[in-house]
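Subject: Structure handover

Hello,

Here is the structure for you to look through. Please open it beside this email; my notes on what was found follow.

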Amino acid sequence: MNNKMEKIISLAKQRGFVFQSSEIYGGLKSAYDYGPLGVELKRNIMNEWWRSMVYEREDIVGIDASIIMHPKVWNASGHLSGFSDPLVDCLISKERFRADKAPNLEINDEIIIKCSDKGQAKQYQKDINNLFGILLRRNGKYLEGLRVINNTTFGFFENESDKALKTFNFNGYVSPTIGSPFLSEERQFNLMFRSQLGPVDSIGDIISFVKKNKDLNSKKLREGLEKIIKDTAVYLRPETAQAMFVQFLNCQQTMSMKIPFGIAQMGKSFRNEITTEHFIFRSCEFEQMEMEFFVEPGTQKKWLNYWRDKRLEWWKYYSNDPSKFIYRSHKKDELAHYADACYDIEYEYPWGYDELEGIASRTNYDLKKHSEYSGAKLSYFDPQKVDKKTGRNGLRYTPYVIEPAAGATRGLLVYLLDAYHEEIVKDAKGNDTLRKVMKFHPKLAPIKAAILPLVKKEGLPEIARKIVSNFTKSGINVKYDEQHAIGKRYRRHDEAGTPYCLTIDGKTKEDGSITIRDRNTMIQERIPADKALEIIKKKLNLF
Ligand code: GAP
């Protein structure tokens, strides 16, 4: 794994940002828990998004819909038939992977199977011989002798020979870990998590079906069983978006919204991802911040560009290095079935540029489909417009939609990466030492200020607690901290990303002053203790 990612993962655990889910049981793959600092950081990111989308705009309203929706929603949206990844098994290592993410090989490329050690190479050499009747040449931990012949065939060749001793069907790619071309056929794997609502006994139905249909072949049996399960199935939402389409009329009518207007929602989404990767970048349970902006047909391009620029600006505002955020236009063959154009906002992660948010022009696809499947008339009547077809006042149409769809948990990873800094500084003895500091934007910082009595006696804790109480009464998250020497406490709060440390010392009792230490510059100055709240509010630009 990349060095910076390793550092972030380790700091995230040590400081309480992100833990592996169910760690004491060995962890659950691709599921994560947000710890005491992580939950604050995530909420701050999401609250900032909500503020910019809902509170600061008259043309957007919010909703909080249920995660389980009517199963027909996913029929109409196309998720039941189309939201799938091509899944393949390596017949040698048993690795299961996504075909579209696997390494491709060209005609005449050598196919070298790379095992983890000699023992594994010997075992795989034997397995391949048993399964396919060819003895590959072993070179240490590598197995050699295979080559791509054309797009659909690979062959086994003896040393120097141009003529294949045996040929096999080729998928065009090899398995990601060992590079094996011995693969199963591709199967479509739906990414939605399936469950059941209420006291449904599909196992009972399955038993009777199997008993009644003992003579069916595997394909027919599978079809029958799929039908039984599908008839009673509900799904965890794979995106928050669909509720905004389904509740379009309710929101528009109850809030008397006029086009253009938007509906925003943030919350959990679930995808049974085959490839989970890069820590919390791609996980099975994650949070999204999505907004569907309904516009008049013909104006979608203007609004697409508007939201692209707005959202890019938003991500940059909270970052230390705005140059790492870019946007990229989707090529025609990348577009989702519902989109006529799309931009990705990308961040330069340690492994390169990759997606952070998508801004899609979704046409009127979703409203039309939900109208068709539900029978509800999901359209908009504008009394100010003239219907060109009839020449009469008033125009009814199905709005087009621009959708900025961001990942909140992916955004948290981006801001962890952006905040992480290492600096060489002098310690108390004048020696060089490494300082790790999380330079979060103050609005995102989990703790806004640490209140630190220099010692745990002489009345200093009492003064410190009074200051803490002033802050918490104002709704500002500060932390009282008296554990360890002051230098160690400063370092702890540097790693937590706390913008300011307020220290109560002997002088406080004499003249009522305390020190304020700036996280980024480490400069300390004295301020009156009774002005601390006002000064921090001003510095953080909080109210
Ligand atoms: N409604 C459109 C939609 O959901 P998407 O591009 O599939 O579009 C939007 O998802 C954003 O959600 C992505 O840009 C990404 O930030 C986040 N996201 C999607 N799948 C994710 C996953 N498995 N883990 C973490 N974040 C994910």
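**A proline and an asparagine in loops**

P260 is found in the loop between α9 (248–254) and β14. Helices (H or I, at least four residues) and strands (E, at least two) are DSSP runs, numbered from the N terminus. The peptide bond between I259 and P260 is cis, with omega about 10°. Another loop, between β5 (96–98) and β6 (110–114), holds N108. N108 is not a glycine, yet its phi is positive, about 80°.

The model is predicted: local features need pLDDT of at least 70 and side-chain atom pairs count only at pLDDT 80 or more, while totals for chains, interfaces and linings use all residues. Residues are numbered from 1 along each chain as its sequence is written, and side-chain values use heavy atoms, with hydrogens and water left out.

**The largest pocket**

A pocket is found on a 1 Å grid over the protein atoms alone, as an open set of points where a 1.4 Å probe fits, with protein on both sides within 12 Å along at least five of seven lines; lining residues have an atom within 4 Å of a point. Grid points are joined across faces, edges and corners, and a volume is the space filled by probe spheres set on the points.

The volume of the largest pocket is about 1400 Å³. Its lining consists of 46 residues, and F83, R271, R282, Y338 and E355 lie nearest the centre. By class, the lining of the largest pocket has 15 nonpolar, 12 polar and 19 charged residues. Here Ala, Val, Leu, Ile, Met, Phe, Trp, Tyr, Cys and Pro count as nonpolar, Asp, Glu, Lys and Arg as charged, and the others, Gly among them, as polar. β18 gives the most to this lining, seven residues. Elements that supply at least two residues each include β15 (285–295), β17 (341–349) and α12 (408–419).

**The ligand**

Where does the ligand sit? The ligand is in the largest pocket, by the rule that more than half of its atoms lie within 2 Å of the pocket's grid points. Around the ligand are 20 residues, of which E239, E273, E290, E355 and L356 come nearest; a residue counts if one of its heavy atoms lies within 4 Å of the ligand. This shell divides into six nonpolar, four polar and 10 charged residues. β15, β18 and β21 each give at least two residues to the shell.

Some polar contacts (pairs of N or O atoms within 3.5 Å) can be listed:

- A polar side-chain atom of E239 is 2.6 Å from a nitrogen atom of the ligand.
- An N or O atom in the side chain of E403 is 3.0 Å from a nitrogen atom of the ligand.
- For Q288, a polar side-chain atom lies 3.1 Å from an oxygen atom of the ligand.

On its own the ligand has 550 Å² of accessible area (Shrake-Rupley method, 1.4 Å probe), and the protein covers 90% of that area.

**The second largest pocket**

The second largest pocket holds about 920 Å³ of space. It is lined by 38 residues, with F189, N190, M192, F193 and N272 closest to its centre. β11 (187–190) supplies the largest share of this lining, four residues.

Regards

Notes: A polar contact is a pair of N or O atoms within 3.5 Å; within protein, one must be able to donate a hydrogen and the other to accept it, and residues adjacent in sequence count only if both atoms are side-chain atoms.
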